[in-house]
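Please keep the sequence and the model in view while reading the points below.

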Amino acid sequence: MADINRVVLVGRLTRDAELKYITSGQAISKFAIAVNRRRKDGDQWVDEANFFDITVWGRTAESLNQYLTKGKTVGVEGELRQDRWQQDGQNRSRIEIVASNIMLLGGGPGGASQGGGSSGSSYANNQGGSGSRNEAPDEDDSFSDDIPF
């Protein structure tokens with residue numbers, strides 16, 4: 001039986017993304033998103049926020065970092081990774097999502113729409129770094145703009 005490790009989330013950034021470079025020169029961008037979920041508490045529905053740490057690598061990290069600002073709605077596809085370490089003799093761990101695809105969905109500061117998918121742009125991350133645009137076959141690219149995607 002094959003193992004499956006796939007995550008798809010849509011949420012809002014809780015802070016601006018931080019872009020850094022590791023010693024090999026590869027870019028890494030880190031940010032967090034809040035994903036709301038509704039649950040029933042007695043007779044009432046309650047909104048509950050869940051927070052997830054996201055990591056993006058390579059050219060995708062460099063290209064999208066300026067657009068990943070607090071409050072922006074994004075779709076993230078990736079896989080779960082667990083970091084493990086020891087601190088003061090205690091075993092520690094944390095789960096993060098390593099993104100393979102990010103879609104800018106608008107909303108938030110500077111966004112054109114409030115949570116709609118119509119203004120979305122998608123970037124894929126191919127584990128080594130070069131980001132590429134995932135285009136629908138009938139998408140019209142006849143206009144020119146300053147956005148790199």
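**Overview of the protein chain**

The protein chain has 149 residues, of which 34% count as buried. The structure is a predicted model.

**Surface and contacts**

- The protein chain has an accessible surface of about 9600 Å², and carbon and sulfur atoms contribute 46% of this surface.
- Among contacts in the protein chain with a separation of 6 or more, 56% are between residues 24 or more positions apart.

**Strand pairing**

- Strand β3 covers residues 27-41 and strand β4 covers residues 44-57; the two run antiparallel and are joined by 14 bridges.
- Within this pairing, the residue opposite I33 is F52 in β4.
- The hairpin of β3 and β4 has two residues between the strands, and G42 adopts a positive phi near 70° there.
- Strand β4 also pairs with β6: these two strands run parallel, with two bridges between them.

- Helix α1 spans residues 58-64 and includes A61.
- A61 has a relative accessibility of 1%, which is under the 20% cut-off, and A61 therefore counts as buried.
- Apart from neighbours within four places in sequence, the contacts of A61 are L19, A27, I28, S29 and V56.
- A61 and I102 are 41 residues apart along the chain, and their C-alpha atoms lie 9.8 Å from each other.

**Salt bridges**

- The whole structure contains eight salt bridges.
- One of them links the side chains of D47 and R38, with an N to O distance of 3.6 Å. Because its relative accessibility is 53%, D47 counts as exposed; R38, at 52%, likewise counts as exposed.
- Another joins R39 to E48, whose closest N and O atoms are 2.7 Å apart. R39 counts as partly exposed at 30% relative accessibility, and E48 counts as partly exposed at 23%.
- A further salt bridge connects R94 with D83, where the closest N and O atoms are 3.9 Å apart. R94 belongs to strand β6 (residues 90-106) and D83 to strand β5 (residues 73-87), so this pair ties together parts that are eleven residues apart in sequence.
- R94 has a relative accessibility of 27% and counts as partly exposed, as does D83 at 29%.
- D83 and R94 also belong to a network of salt bridges that links them with D53 and E96.

**Points to locate in the model**

- Which residues are linked in a network of salt bridges? They are D53, D83, R94 and E96.
- Is A61 buried or exposed? At 1% relative accessibility, A61 is buried, and its place is in helix α1.

Technical notes
Residues are numbered from 1 along each chain as its sequence is written. This is a predicted model: local features need pLDDT of at least 70, side-chain atom pairs count only at pLDDT 80 or more; totals for chains, interfaces and linings use all residues. Side-chain values use heavy atoms; hydrogens and water are left out. Buried means under 20% relative accessible area, exposed over 50%, partly exposed in between (1.4 Å probe, protein chains only). Contact means heavy atoms within 4.5 Å. Accessible areas come from the Shrake-Rupley method with a 1.4 Å probe; for residues, only the protein chains shown count as cover. Helices (H or I, at least four residues) and strands (E, at least two) are DSSP runs, numbered from the N terminus. A salt bridge is a side-chain nitrogen of Lys or Arg within 4 Å of a carboxyl oxygen of Asp or Glu. Two strands pair if DSSP finds at least two bridges between them.
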